[in-house]
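Please examine the sequence and the model shown below before reading on. The explanation that follows is meant to be read alongside them.

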Amino acid sequence: MSDLPSSAKAVIIGAGIVGNSVAFHLADLGWRDLVQVDKGPLPNPGGSTGHASNFIFPTDHGKEITQLTADSVRQYREMGVFTECGGIEVARTPERVQELHRRMASAKSFEIEDTEIITPARVKELVPFIDESVILAGFYTPSVGVVDSLRAGTIMREKAMALNALTVSANTEVLDIEVTNGKVSGVVTDKGTIKTECVVIACGCWSPKIAAMAGASIPLTPAVHQMKDIGPVPEFADAKGDIEYPIVRDMDTNMYERQHGTGLEVGSYAHRPILHDVDEIPSNAEAALSPTEMPFTQKDFDLQDEHSYELMPQIIGNESVGQKYAINGLLSLTPDGMPILGETPEVKGLWSAAAVWIKEGPGVGRMMAQWMVLGEPEIDLHQSNVARFYDHHKTRTHIRARTSEGFNKTYGIVHPAEQWDSNRNVRLSPYYEREKALGAVFYEGVGWERPFWYEVNAPLVEKFGDAVMPRTAEWESRWWSPIINAEHLQMRETAGLVDLSAFAIFDVTGPSALDVVQRAALRQMDVAVGKVIYTPVLKPNGGYQSDLTIMRLGHDHFRVVTGGAHGMADLKWFRDHLPADGTASVSDLTSAMSTIGIWGPNARKIMEKITSADMSHEGFPFGTCRIIEIGTQRVLASRISYVGDLGWELYIPAEQGAKLWDAVWDAGQEFGLIPVGIGVYGTTGRLEKGYRAYGAELDSEYTVLEAGMAMKKVKDQDFTGKAAHLRHRDEPVVAHMCGLTITDHASSTGEKRYPLGGEPILTKDGQPITDAKGRRSFATSAGSAPSLGKHIIMAYLPPEYAVEGTELLVEYMGEHYPVVVERTGIAGLFDPTNERIMA
Amino acid sequence: MILVYAEHDRGELDPVTLQAISAAKALDADVQAVVVGHGAKDVAAELAAFGAVSVHVGNHPELLDFTPRAHARAVNALVTANSPRAVIAGGTPRGNEVLGHLAAMRDEPFASECVSIELASGDTAEIVRARWGGNLLDEATVTSSLLIATVQAHAFAATSADAPLSVSEFDVELADGDVLVRVEDRVGSSAGGVGLAEAKVVVSGGRGMDGPDAFVMLEEIAGVIGGAVGCSRVVTSAGWRPHAEQVGQTGTKVAPDLYLACGISGATQHIAGCKSAKTLIAINTDSQAPIMGFADYMVVDNVHTFLPLFIEKLKAASN
Amino acid sequence: MDIAVCIKRVPLLGSAIVLTADNMAIDTSKVGFGLSPHEECAVEAAVKLVEENGGSVTLINIGHIDGEEQIREQMAIGADRAILIDTNGAEPDPQAAATALADAISSDDTNFDLVLMGSESADYGGSQTGIRVAHKLGLPVVTSVKGLKIDSGIATCERAVGSTREVYTVPLPAVITVKDGLNIPRYASVPGRMKARKKPVDIKQVSFAGSRITTKQLVVPVQEAKGATNLGTGAEAADALVEVMKQIGVLS
């Protein structure tokens with residue numbers, strides 16, 4: 001049976017829903033000579049697709065997943081494998097009722113129609129076998145459905161074969177992936193070797209093992225999701241189809257129940273996290289059922305039996321209804337809960353399409369194909385990008401710690417600012433001990449412990465009184481402190497010291513360094529040494545890959561500084577822009593350099609006390625950087641600001657950081673210097689100034705024009721995304737980034753409520769707003785603007801609404817609050833003319 | 001000397017007994033047989049023809065049809081009297097049962113379902129016995145001056161080795177309760193039509209049949225060529241077919257001329273029941289399914305689309 | 001009627017057996033466990049008899065302490081209590097197992113009317129433990145039973161031989177070993193499982209002398225790859241299949 005081609009344009013490893021979809025969409029976009037292999041038989045090779053529950057609830061709090069799901073549903077419907085049955089998420093607790101309202105809001109933000117909050121009596125009408133007395137409400141989505149994912153996979157494979165684009169080889173095990181000079185060169189299987197420069201790993205929970213063959217990392221773990229099928233259920237005796245009743249998600253018990261023919265399937269995410277290593281998965285031959293249908297462990301389900309009994313006593317309590325089938329089904333969990341997609345940073349031509357659920361499969365396949373063929377997917381996938389991981393993220397300990405913690409949050413009520421408990425204190429800045437002594441409350445960002453606020457500043461809350469905009473509602477008080485707003489106000493009066501060590505920093509050097517940054521950046525990079533340029537970095541489609549600052553430190557030496565969260569993806573982006581001839585290189589200094597920021601009206605006085613360098617406005621203009629001496633230290637000072645006040649970022653080798661901190665701290669005491677947390681830096685300071693943040697306001701689905709960040713003219717030099725950007729400049733802009741404020745915070749109970757971001761923006765008569773490209777308006781960010789005494793919401797609005805003074809609504813926790821468009825341009829609501837920064 | 005317990009049913013010798021005699025002959029030329037019950041004498045000649053140098057016929061007025069503990073009692077008396085090195089029987093339900101009783105009476109180890117036996121020096125014997133219906137072999141040492149063992153059906157070939165017929169009869173001395181359990185009656189046929197175990201052709205269906213309805217096709221095929229319908233354990237567990245049709249480790253073990261496996265993947269449990277078929281043909285969508293490793297011919301197709309085509313051709317060919 | 005059912009925890013295998021590195025055992029790290037199908041039928045028969053006649057079902061399991069999992073599973077379909085004879089991980093041979101089981105049965109407060117077992121275990125397949133237990137208890141034994149009725153203290157047993165069934169009768173108390181096909185075991189219900197969690201399991205320790213059948217090693221027989229001839233698919237294969245059937249003489 002050695003009909004395996006000896007070479008291929010691309011080899012897709014895996015024939016689950018993802019591999020099949022990637023294969024079809026690559027073919028659809030014109031690629032030929034594709035080979036798909038799977039170690040198992042077809043149509044069910046024995047991976048997670050084969051035992052998935054196959055139902056799809058469209059609403060997620062994240063835009064990326066919601067869009068992937070919507071695209072997948074569209075494809076499933078087109079293939080005729082989607083059965084709409086409706087779905088209800090039920091609440092047993094008041095907190096969950098509030099969460100269901102939050103989900104209603106997300107549904108509106110991301111264009112999921114016809115959802116409604118329904119009463120227990122209405123739930124009972126739809127699902128007659130439920131005991132409605134244990135629930136308080138339901139979130140009903142009529143468009144929930146069930147798919148035949150194996151059939152869908154077969155259809156997609158067959159379509160690709162009909163295009164003469166695909167050879168499929170089942171029962172073919174990959175033994176090795178050959179890598180030559182950092183690039184994929186072949187796939188070795190038990191049926192022969194295929195030469196190829198492109199490999200897609202769509203191997204579900206086996207993906208880490210396959211990636212490791214090439215020296216790459218796909219940090220996921222196989223984990224158990226328990227489910228059982230009971231029946232035959234007398235109530236379903238006349239069931240004709242696969243499913244006729246809405247699927248019930250019993251959110252508070254982390255379970256679901258769905259009718260399946262004459263049976264009832266009960267699934268759980270409530271049991272203890274049961275993680276496996278890839279090597280613990282049996283082979284197809286060893287497995288009694290399939291490799292990913294592992295033996296059911298009843299004692300982990302004992303509590304769940306009782307919970308399902310409570311909700312559906314009529315069926316579960318029927319002694320004649322037996323358990324026909326029960327498995328510990330394997331699925332893939334990642335440390336941050338997101339899929340792992342894209343080209344691996346370790347090996348060129350090696351692509352990951354892993355940790356994908358049935359509900360995202362076809363959409364992921366289509367996006368992967370676009371990414372591979374066209375250079376970018378139409379849905380922004382930065383949260384799923386395989387390049388997002390730092391080294392510590394890839395360790396077994398981290399993966400297991402975070403997936404264990406995250407598993408029981410599958411149906412959880414997860415606050416947008418919720419912190420992880422496990423595997424903390426991985427990356428500590430040189431200032432950590434000093435911050436701890438000041439009562440820092442640490443939030444984690446990509447492993448870094450970052451002070452979010454300092455308890456030592458608690459007395460300032462009293463000082464500023466109501467100006468800190470105190471919150472009474474539990475939800476928006478959670479993971480928040482009025483000290484953040486107090487620090488903000490004090491910084492505006494005197495000065496604040498901010499730990500910025502989480503920045504990702506990398507240097508581009510060599511004779512071609514200018515070319516590299518020029519091609520990556522929208523703005524002109526051929527500037528004088530010592531200039532600091534804040535610039536968008538565009539994808540080929542003219543949307544945002546990133547926004548970051550680049551310092552020209554020498555003729556052939558540029559330093560890129562970008563946010564920690566996106567730092568590794570940016571690092572890969574710049575490396576991908578390196579010339580093949582080796583005349584430029586990128587070196588990662590993230591761990592070598594540490595950074596503090598000092599901002600506020602007194603920042604200059606403090607700096608002048610510790611350095612003899614000229615720190616005057618004229619001598620050290622805004623947007624410049626230079627080395628200054630502070631005692632024995634040579635410090636790279638950069639005069640920019642993300643908080644709206646005069647000041648500098650100070651870069652110092654990490655091992656000298658503590659000494660620098662002490663120098664600034666000591667000098668600042670007489671000028672009222674306080675430690676300021678990331679709460680100010682990341683939220684209040686930037687929102688007042690209208691600064692857009694990557695991942696919130698900025699992503700590849702919005703243009704520079706829409707973000708309001710276009711320059712008067714475009715540089716002559718070529719850069720990635722230039723053609724698209726030029727085109728965008730000639731097109732009408734169909735959405736504008738706007739700054740809105742809430743004009744009345746009082747809820748129906750009179751309590752003041754403060755949205756946290758993600759909420760839908762509605763017209764005055766409560767209708768969702770959609771722009772000409774079909775994108776909904778929602779709060780990309782929301783937070784306090786203490787200097788204004790207001791709560792700001794940033795949102796993209798179509799031109800007819802993007803008019804200052806327009807009155808709109810925001811929906812939050814099931815209620816509407818009036819908002820007004822206060823700013824349509826780039827200028828901040830606070831100090832719009834930047835007098836403070838330019839002081 | 002090696003004593004072979006000869007199993008017969010009212011005078012009809014069980015073929016595995018002959019295999020047991022051949023297995024014993026390989027260990028010792030002095031192989032003697034013991035046979036008990038109604039019709040016992042009728043089988044003596046056949047035992048001799050395969051090499052039993054002496055046939056002991058145990059008599060007792062109460063011993064007519066099969067009476068397991070009484071048979072063991074008879075064997076036990078001969079063991080005590082003649083001190084054979086081993087007692088061997090066929091690895092059948094009856095053979096295992098009688099030697100099980102013998103082992104219990106003497107509190108000796110009992111190696112059932114052997115596929116290889118070597119007598120070593122002293123009290124030890126090196127045996128290989130089948131576990132998991134033959135899917136796993138256990139290479140073991142049995143320590144006893146009396147080896148009690150049965151041989152797995154078909155593990156040894158029965159070869160004729162003409163010994164002169166020498167029959168000696170003896171009276172069996174029974175103990176209390178020895179005749180309490182015995183065959184008292186026989187009823188009906190369990191499979192209807194052609195018995196599964198004896199059928200020359202078995203047309204068998206598995207999970208790939210996707211439900212009871214498609215078995216109509218298998219019945220049709222069996223009808224045309226005079227075979228029996230069989231199935232895998234999944235099928236009987238799902239209630240699609242009666243258990244009497246189950247082929248496998250815990251069902252019926254078959255050895256037909258043709259075993260036609262339709263939509264059967266080939267779990268360990270099933271293979272144990274059908275691997276003795278002379279010709280095995282598998283119809284399965286997966287050319288790499290485990291059953292293909294045992295098949296002589298394969299059709300890589302879906303049973304639902306293939307069988308109607310095949311039935312048409314089969315009917316045409318048989319007319 | 002008080003019934004004891006002897007059960008054994010065995011691995012649930014797929015189509016391939018993988019051994020431990022020393023070839024002395026099956027590698028069960030990736031597989032689940034259950035009962036031999038024969039024993040599932042024995043429990044079902046016991047539960048049904050008690051449902052019809054009253055009484056109790058006591059499970060007796062010898063082996064690994066984790067056998068409690070299988071005990072709870074069978075309690076969920078209706079067994080009332082269990083005795084778990086913990087061998088501390090050791091695998092008793094049939095003689096040792098029979099001794100321990102017989103001791104547990106005879107020393108129990110219940111005078112059992114019936115002891116049900118599987119005719120042979122799925123894994124060891126010794127076909128003797130039930131008989132040995134009967135001898136130790138001084139009870140009659142009927143083996144390989146596929147039909148069972150009990151009336152007025154008499155068990156009428158059927159045993160399949162070829163296409164017919166032999167009938168045996170035996171007065172109780174007796175040991176009866178049964179085969180898969182005796183009945184179709186029911187699936188446990190959720191309420192059954194919930195009740196099972198509260199049912200009593202007595203744990204006993206046992207140790208036993210070395211076996212007189214000692215395994216040197218286990219071997220998975222090499223599957224002689226027959227190199228199946230591929231007849232292809234569709235109509236072409238149908239023709240070919242008819243030809244093959246003519247060749248081997250099943251179709252004239």
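The model is a predicted one.

Chain A is divided into domain 1 (10–47 + 151–220 + 336–398), domain 2 (81–147 + 222–327) and domain 3 (732–839). Taken over C-alpha atoms, the centres of domain 1 and domain 2 of chain A are separated by 30 Å. In the contact between these two domains, domain 1 of chain A takes part with 10 residues and domain 2 of chain A with 9 residues. On the side of domain 1 of chain A that touches domain 2 of chain A, α5 and α6 (207–213) of chain A each supply at least two residues. By class, that side of domain 1 of chain A consists of 5 nonpolar, 3 polar and 2 charged residues.

The buried residues of α5(A) are A:S149, A:L150, A:A152, A:G153, A:M156, A:R157 and A:A160. Because these residues cover an arc of only 160° around the axis, they lie on the same side of α5(A). The cover over the buried residues of α5(A) includes α1 (17–28), β2 (34–37), α2 (63–79), β8 (145–147), β9 (166–169) and α9 (361–374) of chain A. After α5(A) comes A:N164, which has a positive phi near 55°.

Other backbone features deserve attention. Most residues other than glycine have a negative phi, and most peptide bonds are trans. A:E111 is not a glycine, yet its phi is positive, at about 65°. A:E111 is found in the loop between α3 (94–109) and β6 (116–118) of chain A. A:N254, in the loop between β15 (247–250) and β16 (255–260) of chain A, likewise has a positive phi, near 60°. Are these two residues buried or exposed? A:E111 has 17 C-beta neighbours inside 10 Å and therefore counts as partly exposed. A:N254 has 20 such neighbours inside 10 Å, so A:N254 counts as buried.

Cis peptide bonds are the next topic. One joins A:L42 and A:P43, with omega about 5°, and A:P43 is found in the loop between β2 and β3 (55–56) of chain A. In chain C, the bond from C:L172 to C:P173 is cis, with omega near 0°. C:P173 is found in the loop between β10 and β11 (174–178) of chain C.

The contacts between chains remain. Between chain A and chain B, 4 residues of chain A are in contact with 4 residues of chain B. The side of chain A that touches chain B has 3 nonpolar residues, 1 polar residue and no charged residues.

Between chain C and chain B, 67 residues of chain C are in contact with 79 residues of chain B. Among the elements of chain C that give two or more residues to this side are α1 (37–53), β10 (164–171), β13 (213–219) and α6 (234–247). The largest share, 9 residues, comes from α6(C). The side of chain C that touches chain B holds 32 nonpolar, 25 polar and 10 charged residues. Strand pairing also links these chains: strand β9 (residues 136–143) of chain B runs antiparallel to β13(C), joined by 6 bridges. Here B:A140 stands opposite C:T215 in β13(C).

How values were computed:
Residues are numbered from 1 along each chain as its sequence is written. Chains are lettered from A and ligands numbered from 1 in the order in which they are written. This is a predicted model: local features need pLDDT of at least 70, side-chain atom pairs count only at pLDDT 80 or more; totals for chains, interfaces and linings use all residues. Two residues are in contact if their C-beta atoms, placed from the backbone, lie within 7 Å. Helices (H or I, at least four residues) and strands (E, at least two) are DSSP runs, numbered from the N terminus. Ala, Val, Leu, Ile, Met, Phe, Trp, Tyr, Cys and Pro count as nonpolar, Asp, Glu, Lys and Arg as charged, and the others, Gly among them, as polar. Two strands pair if DSSP finds at least two bridges between them. A residue is buried if 20 or more other C-beta atoms lie within 10 Å of its own, exposed if 12 or fewer, and partly exposed in between; C-beta atoms are placed from the backbone. The arc is that of the directions from the helix axis to the C-beta atoms. Domain bounds come from an automatic or database domain assignment.
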